[in-house]
Structure formats: structure tokens, C-alpha cells
Protein chains: 2
Amino acid sequence: MRSVNIGICGLGTVGAGVFNVLGRNSDKINARANCNITVTQVGARRDNANCDTSGVEVSRDIFDVTRHSDVDIIVELIGGTTVALDLVMSALENGKHVVTANKALMAAHGTEIFAVAQSRNLIVAFEAAVAGGIPIIKALREGLSANRINWLAGIINGTTNFILSEMDSKGRDFVDVLEEAQQKGYAEADPTFDVEGIDAAHKLVIMASLAFGLPISLEGIFTDGITRLEPQDVSYARQLGYAIKHLGIARQTAGGIELRVHPTLVPETCLMAGVNGVSNAVMVNADAVGTTLFYGPGAGSEPTASSVIADIVDVARTMGSSPESWVPALGCVPSAFRAKISWIFRI
Amino acid sequence: MRSVNIGICGLGTVGAGVFNVLGRNSDKINARANCNITVTQVGARRDNANCDTSGVEVSRDIFDVTRHSDVDIIVELIGGTTVALDLVMSALENGKHVVTANKALMAAHGTEIFAVAQSRNLIVAFEAAVAGGIPIIKALREGLSANRINWLAGIINGTTNFILSEMDSKGRDFVDVLEEAQQKGYAEADPTFDVEGIDAAHKLVIMASLAFGLPISLEGIFTDGITRLEPQDVSYARQLGYAIKHLGIARQTAGGIELRVHPTLVPETCLMAGVNGVSNAVMVNADAVGTTLFYGPGAGSEPTASSVIADIVDVARTMGSSPESWVPALGCVPSAFRAKISWIFRI
């Protein structure tokens with residue numbers, strides 16, 4: 001079998017997950033990819049006690065990995081939008097395919113990254129950037145390729161869903177649950193990105209770009225968080241037959257594509273109302289298939305690794321053939337982004 | 001752009017859906033496939049009033065389509081396991097890729113069909129054979145390719161789920177709901193295949209083949225239907241906090257892969273308990289990702305067409321490169337099929 005060599009940049013929670021799952025399940029993964037996938041290079045500022053990298057060349061300078069001749073695919077897992085952007089561009093300039101879990105990078109710089117990748121006939125894959133272990137990017141890009149998407153709506157931030165679930169099931173205060181979430185590692189020390197809906201907005205534009213063929217842009221998305229919600233709001237909603245869920249919603253309207261992130265009343269009879277804790281779920285409505293839902297863990301070391309490795313396998317399978325169809329923006333749709341609140345989720 | 005030519009064999013409910021959606025959404029579909037997908041041939045014993053085939057060559061002999069030089073992909077939508085088998089073999093012998101929605105054919109003759117396809121470097125794709133519009137085959141084959149599957153459990157027959165949902169929500173009798181289902185076209189005049197679990201067993205072995213690398217075989221599957229269930233059974237289950245769902249379950253055990261189809265008590269807190277009517281859902285538990293769920297319409301003209309066309313797009317994208325990894329049985333797992341009843345669905 002031919003070999004495909006991987007360089008992992010970043011050995012934090014997700015990086016260690018990718019390294020360990022690739023090792024543990026190599027028999028299954030290689031059979032499915034029909035090639036030998038080997039981690040030949042790791043770039044990380046420090047070691048990770050959760051993974052044994054003996055036998056692999058570890059560099060303290062991640063850019064060494066992008067330049068290494070023994071690497072076919074660079075896996076970018078350092079996060080952020082500055083060094084990560086340079087790293088991805090360096091990988092592409094050195095003729096490497098890229099797999100990334102970085103939603104902020106895709107949301108902020110996706111368009112320029114894909115332009116460079118396309119000009120060099122290289123793949124940039126990003127399943128893990130949205131909804132952790134759920135293969136939602138693949139579903140939008142391939143599984144539903146026959147359809148015109150009417151709308152999609154997702155619980156795409158595990159932190160806010162955990163907080164709302166606890167407020168709902170136990171009547172707890174927002175601040176109280178947030179502190180627990182921070183202790184458990186579900187929320188950052190500065191939780192703004194999660195609780196104000198910015199992280200969800202990043203994921204929403206990535207999905208909307210695939211679903212509607214939009215160029216990726218964060219401008220004009222109505223974004224509201226969950227910080228003003230109180231236990232009695234959640235309780236009132238229940239009395240009316242609804243769960244409050246923090247949704248990212250993208251919808252085709254007569255005036256263009258509407259993108260918004262906000263707390264929404266979801267009828268208890270809708271499957272989305274039963275998605276609790278740090279889980280994620282994305283509901284997609286399209287002209288041929290009707291309504292589908294994709295549910296699973298929205299974050300975590302091995303769930304995210306599952307999506308990163310699925311991308312690695314796809315790239316390994318595709319290498320050599322033309323990767324043109326990997327570029328997400330499928331023609332430019334004229335779009336007047338509009339920000340509107342529609343508090344009740346109607347399906 | 002290059003052209004990919006399609007021959008549709010069978011112009012019933014699903015055939016008309018495929019023909020119509022391919023026409024209606026051709027701009028989106030061609031952009032996603034990065035080629036022009038054109039129906040050049042239709043083989044059907046009679047016309048279908050729901051689709052306008054003027055401008056396309058229609059043959060009354062479906063085998064003419066498999067021999068036609070102007071066809072790259074044969075779409076088999078005639079159903080059954082006799083003529084359909086001859087048709088698929090004829091297509092492969094004539095060097096055509098095959099897309100099929102035929103679960104009975106895949107379950108009964110999948111192994112021999114894939115052997116011929118592999119020897120000729122041709123693709124046989126079958127997303128629509130399981131769970132209608134839900135891209136579950138793609139999820140098992142690609143989206144979760146990093147994982148060892150521990151178990152999967154699915155509501156994979158819309159007829160039985162419709163009957164159980166009506167018995168549950170309205171306290172109706174099995175026979176009463178079955179008659180309504182027959183009138184609505186959800187159930188056949190002879191409902192045995194659906195209500196005795198045979199159809200679900202077909203779909204289960206197809207999924208298990210992909211999930212566990214098993215050769216496809218219908219032998220040794222414990223199969224029980226829903227005909228003995230009475231409204232008070234459903235009601236008792238509710239009192240205990242469960243919904244009764246007819247599940248197909250495949251599980252890795254110490255003794256091999258266990259396959260079974262039977263009514264099961266599903267806790268009300270599990271998302272599967274909220275899947276009602278003719279909808280389908282498949283829950284998959286795997287070592288890296290944890291638990292995921294895939295929900296959507298399990299049958300119908302355009303939902304099934306959505307999956308057929310997703311396969312066409314995939315085959316069109318892949319044509320020219322090696323399709324080896326399309327063969328579902330990924331190495332042979334020693335398997336002692338065991339039939340056991342575990343009435344409570346534990347997750």
C-alpha cells in the first residue's frame with residue numbers, strides 16, 4: 001500500500017487525541033483509507049503527558065514541520081488566527097494539504113486560504129471546525145448534495161447548551177452554572193466567546209458557506225448570547241411547552257441569506273429540545289430530503305480527533321485526483337444579510 | 001466541464017424523484033460534482049405521469065440502457081432481487097458504475113456484486129438502500145472512519161415506526177393502524193416484510209457490513225416483528241418511562257458481532273424515543289467519537305432521490321480515481337452471529 005505522511009502541529013487536547021486515535025485504530029483507519037497513514041512529524045512547543053511521541057520526530061518550531069519533505073498533510077491544531085494563519089499558508093506554499101479544527105481561522109480567513117489552496121490544487125479540510133465529532137460538514141458538502149438548502153439551525157456551542165440544560169433541569173442561575181462549567185473545563189476563564197455567541201457565529205458562517213455557496217464573512221450576523229437569561233425565563237418557556245436553546249440559524253429568504261445566533265424557543269416535541277449538556281445537534285431542511293438532524297458530541301479530545309482523522313482519510317483517499325470540489329463557496333450567491341429575531345423555532 | 005451520463009432504470013416513485021430533482025437542482029448539483037450530470041437514457045416498462053421524459057431516450061428494455069455507450073452510471077431503481085441482480089451484473093459487465101436503492105439486493109447478493117465490481121474497478125454505491133434520505137452509509141464509511149464501532153441501533157423501518165407511534169400517541173390497535181398505513185401507501189398490501197422485521201434486517205446487515213467489516217449475510221439474525229404488540233404494552237412501557245421502538249441493533253461483543261431486530265424499550269430521555277411517524281434514526285456508538293445520531297425521512301420519492309443523487313455526485317467526483325475503498329467489507333472479521341434479546345436499550 002502507498003504511504004501518506006502526516007505532520008501534526010499542536011499537541012494540546014485535540015492534538016493528543018489525533019495522535020493517540022491514529023495509533024490505536026491504525027488497522028481500521030489504514031484499511032478504510034486504503035493506504036498507510038503515518039505520523040512522521042510533530043510540531044509542538046512542549047510535550048503532552050497524554051501521548052507517547054517516542055519514535056516520531058518532534059520539532060519545537062512548528063514551521064519546520066510545514067517545510068519537511070517527509071510530510072504530505074499538515075494537521076493544524078494550534079488554534080488562534082495569527083500564527084495558525086501563517087502556518088496554514090506556509091503549509092500550502094510548501095505543497096502540503098491541510099486539515100484543521102480551527103473555526104475562528106476558517107471564519108476569519110477561510111476565503112483567502114481557499115483561494116491559495118485552489119490555485120495550488122491542494123485540499124483544506126475542516127470537518128472538526130464545526131460541531132466536534134458530528135460529520136456535519138460532510139453531510140452538507142456531500143450527503144445532501146442533491147438539495148437546495150432552505151434553512152439550517154444548530155446547537156453548535158456545547159458550553160451554552162450545558163449552561164442552559166442545567167438552568168432548565170435544576171433551576172440554577174447562569175453565573176452559578178458558568179462557574180461549574182469553568183471548573184469542568186467546558187468554559188474558558190474568559191467565557192465571552194462562548195456565552196456571547198461569537199463561537200457559534202464562527203461555526204454558523206462555515207456551515208452557511210457550504211449550504212448556500214456564500215463567501216465566508218462574519219459581517220452582519222445578528223449575534224446574541226445567553227448572559228441575560230434567568231432561571232424564570234427557562235421555567236416560563238417550559239410552562240408554554242418550549243425549551244430555550246441557543247441556536248445558530250441560517251435561512252434562505254426572498255431577500256438573501258439570513259444568519260443569526262440567539263436564544264430560541266424550541267417546541268418540546270422537536271428533537272432539538274431533547275439535546276442536552278455539552279452535546280451539539282444540527283437540523284437541516286432542504287427541498288428534496290426534507291428535515292434531517294445530526295447529533296453528537298460538540299467538543300472534546302477524541303470526538304474532535306474523530307473528525308480530524310476522517311478528514312485525513314478523505315484527503316489521503318483523494319490525493320492525486322483533483323481536489324477542486326473541496327472549495328466550499330460553490331459560486332457566489334447575492335446575499336443581503338439581515339438580522340432579525342424570530343424567537344420561536346418553527347419547523 | 002466534463003460530462004457524466006446517467007441511465008435510470010426504473011421510473012416508479014423513486015425513479016421519478018431522481019429524474020425530477022436532477023433536473024430541478026442541476027445548477028447546484030453540477031457545481032458540487034464539478035461536472036455536468038445528464039440523464040441520457042431511461043429504461044422503464046411504462047411512463048410515469050409525474051415526470052416529463054421528453055428529450056431523453058426512453059427504452060422499454062432496461063437492459064438496453066446497461067449496454068448503451070452513452071451511459072457512465074446505471075441507476076438501478078426497479079427493486080427486487082431477480083431482474084435487478086441481472087441488471088446490476090449486466091451494468092458491471094458493460095463497464096458502468098452502479099448506484100442502487102435496493103436494500104434486498106444488497107443484503108442478498110451484495111458480496112458477489114462487490115466482488116465483480118472490485119475486479120472491474122467499478123463503484124457500486126447504495127446510500128439510498130438504508131434509511132432513505134439520511135446519509136448514514138456515508139457517515140459509517142467516511143464520517144466515522146477514525147473509529148472502532150461499538151454498536152449501532154436504528155429505527156430503520158418507517159412503517160413499523162408509524163404504527164408504533166400511532167399506537168403510543170392515540171392508543172390505537174395494531175390492525176387498525178396497519179390498515180391506515182396501507183391506505184396512505186406507507187405499508188404494502190402484504191405487510192410481512194415490514195411488520196415482521198425482514199426489511200429492517202436487510203438494512204441492518206448492510207450497516208453492520210460497513211461498521212464492522214463483515215461479509216454481508218442474512219443468516220443468524222434474530223428477527224422479531226411488532227404484530228404481537230397491543231396498545232396496553234405500549235401504555236405499560238410509558239408508565240415505566242419508556243417508548244417501545246422497533247430497532248435493528250448490531251453490537252460488537254466478546255463472541256463476535258451480534259445482530260438483532262426486535263421491539264425494544266427505549267428510555268424517554270433518549271433522543272431515539274422522540275423519533276415518531278415514518279421518520280428513521282440511527283444511533284452509532286464508537287470508541288473515539290462517542291455517541292452520534294442521524295435522523296431524517298426513511299422513505300419517500302424525493303428523500304430517497306436525495307441519497308441516490310448524493311451517490312451519483314460521489315461517483316462522478318471519484319470517476320477516474322481508484323474506487324477500491326468503496327467496497328464495504330473492509331477485511332473479514334471472525335464473527336459468531338448470536339441472537340439474544342435485550343429488551344431494554346441501554347446507552
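Predicted model: local features only at pLDDT ≥ 70, side-chain atom pairs only at ≥ 80, totals over all residues.
Residues are numbered from 1 along each chain as its sequence is written, while chains are lettered from A and ligands numbered from 1 in the order in which they are written.

**Figure 1. The contact between chain A and chain B.** Chain A contributes 46 residues to the contact and chain B contributes 46 residues; two residues are in contact if their C-beta atoms, placed from the backbone, lie within 7 Å. On the side of chain A that touches chain B, at least two residues come from each of α2 (26-33), α6 (136-143), β12 (290-297) and α12 (301-318). Helices (H or I, at least four residues) and strands (E, at least two) are DSSP runs, numbered from the N terminus. The largest share of this side, nine residues, belongs to α12(A). Its composition by class is 21 nonpolar, 16 polar and nine charged residues. Here Ala, Val, Leu, Ile, Met, Phe, Trp, Tyr, Cys and Pro count as nonpolar, Asp, Glu, Lys and Arg as charged, and the others, Gly among them, as polar.

Figure 2. The same surface serves both copies, as 100% of the contact residues of chain A recur in chain B. β12(A) runs antiparallel to strand β12 (residues 290-297) of chain B, and three bridges join them; two strands pair if DSSP finds at least two bridges between them. A:Phe294 has B:Phe294 in β12(B) as its bridge partner.

**Figure 3. Strand β4 of chain A and its neighbours.** Strand β4 (residues 73-76) is covered on both faces, with A:Ile73 and A:Val75 buried on one side and A:Ile74 and A:Glu76 buried on the other. A residue is buried if 20 or more other C-beta atoms lie within 10 Å of its own, exposed if 12 or fewer, and partly exposed in between, with C-beta atoms placed from the backbone. Strand β1 (residues 3-9) pairs with β4(A) in the parallel sense over four bridges, and A:Cys9 is the bridge partner of A:Glu76. Four bridges also connect β4(A) in the parallel sense to strand β5 (residues 97-100) of chain A, where A:Val75 stands opposite A:Val99.

**Figure 4. Strand β9 of chain A.** Strand β9 (residues 242-253) is largely enclosed by the rest of the structure, because 11 of its 12 residues are buried. Strand β7 (residues 149-155) of chain A is joined to β9(A) by four bridges and runs antiparallel to it; A:Ala153 has A:Ile249 as its bridge partner. With strand β10 (residues 256-267) of chain A, β9(A) pairs in the antiparallel sense over 12 bridges. There, A:Pro263 in β10(A) is the bridge partner of A:His246.

**Figure 5. The open sheet of chain B.** Six strands with parallel pairing form an open sheet in the order β3-β2-β1-β4-β5-β6. The edges are held by β3 (57-59) and β6 (124-125) of chain B, each with a single partner strand, so one side of each is left without a neighbour in the sheet. Within this chain, strand β4 (residues 73-76) and strand β5 (residues 97-100) pair in the parallel sense over four bridges. B:Ile74 stands opposite B:Val98 in β5(B).

**Figure 6. The surroundings of A:Glu302.** A:Glu302 lies in helix α12 of chain A. The residue counts as buried because it has 25 C-beta neighbours inside 10 Å. Leaving aside neighbours within four places in sequence, A:Glu302 is in contact with A:Gly17, A:Val21 and B:Ala288.
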